[in-house]
Amino acid sequence: MSRPPQSWDTTIRRRSKDVAHDIKTPINIAVLNLELLRMSLLREPDPDQKRLEHCASAERELRRIAQIMDALFSLLGVEHDESESRVSPIISEVARELGISLKVSRESSNEFKARVPEAVLRKLAENVLSGGGDALEGAEATFEAEQEQFRLTIRGAPRDSAEIGKIFKFYYTDASQKPRLELATARLMAEAFGGSLQMEHAEDETAFILEMPGRAE
């Protein structure tokens, strides 16, 4: 007996983990082979530094692709249901874990709920605070909740003013040549759930502002 057809989004959610695994497997194999190539080069009497640099660059970009796939498929796998999550306790806990100073406005109720599943809210907070904390010197965060939305802001002095404009791109790499995709991922997640992540940049201060819909009880 034939099965009734499934909707496109249901099929994507159901298959997202399988497809992510199928994509990451050849990436992991490529990374392993690059590591074997690097080790063989290092065994040479006079290793070619240029070829070693090429290996390192290729491995870095493969790992970046794997992170992008993780972000996309984890988002595709989330059920867009009517879940709501209490915001302030989750964001406060994430800030403590990351060692980020967080100020919660007195008017912001602990009863405010965001219209996103708890796992999504936690990942959003982690990405915004971790990505912002890496990009900004002396980063401090604030949380405010209104009747129909909450706002999480992290601000500080940009570590690299020349590169800060690229931080929402999946090709962004920090000063240590490490791919930092937290803010690009967070913006994608926020917009998928009806919110936004914006950057306000001045010469000596930058702020990343996450706004998400919800309700105060």
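1. Ser85 counts as buried because its relative accessibility is 4%, where buried means under 20% relative accessible area, exposed over 50% and partly exposed in between (1.4 Å probe, protein chains only). The model is predicted: local features need pLDDT of at least 70, side-chain atom pairs count only at pLDDT 80 or more, and totals for chains, interfaces and linings use all residues. Residues are numbered from 1 along each chain as its sequence is written, and side-chain values use heavy atoms, with hydrogens and water left out.

2. Ser85 lies in strand E1 (residues 85-86); helices (H or I, at least four residues) and strands (E, at least two) are DSSP runs, numbered from the N terminus. The Ser85 side chain reaches the backbone nitrogen of Glu118 at 2.9 Å. Beyond neighbours within four places in sequence, residues in contact with Ser85 include Phe112, Val116, Pro117 and Leu121 (contact: heavy atoms within 4.5 Å).

3. The largest nonpolar core comprises 37 residues, and Phe150, Ile154, Phe208 and Leu210 have the most contacts inside it. Such a core is a set of buried Ala, Val, Leu, Ile, Met, Phe, Trp, Tyr and Cys residues joined through side-chain atoms within 4.5 Å. At least two residues of this core come from each of H3 (87-98), H4 (118-135), E4 (136-145), E5 (149-158), H5 (182-192) and E7 (206-215). Helix H4 gives the most, with seven residues. A second, separate core has eight residues, among them Ile27 and Leu62.

4. Buried residues in H5 include Leu183, Ala186, Met189 and Ala190. Just after H5, Gly194 takes a positive phi of about 85°.

Key. Polar contact = N/O pair within 3.5 Å; in protein donor to acceptor, adjacent residues only side chain to side chain.
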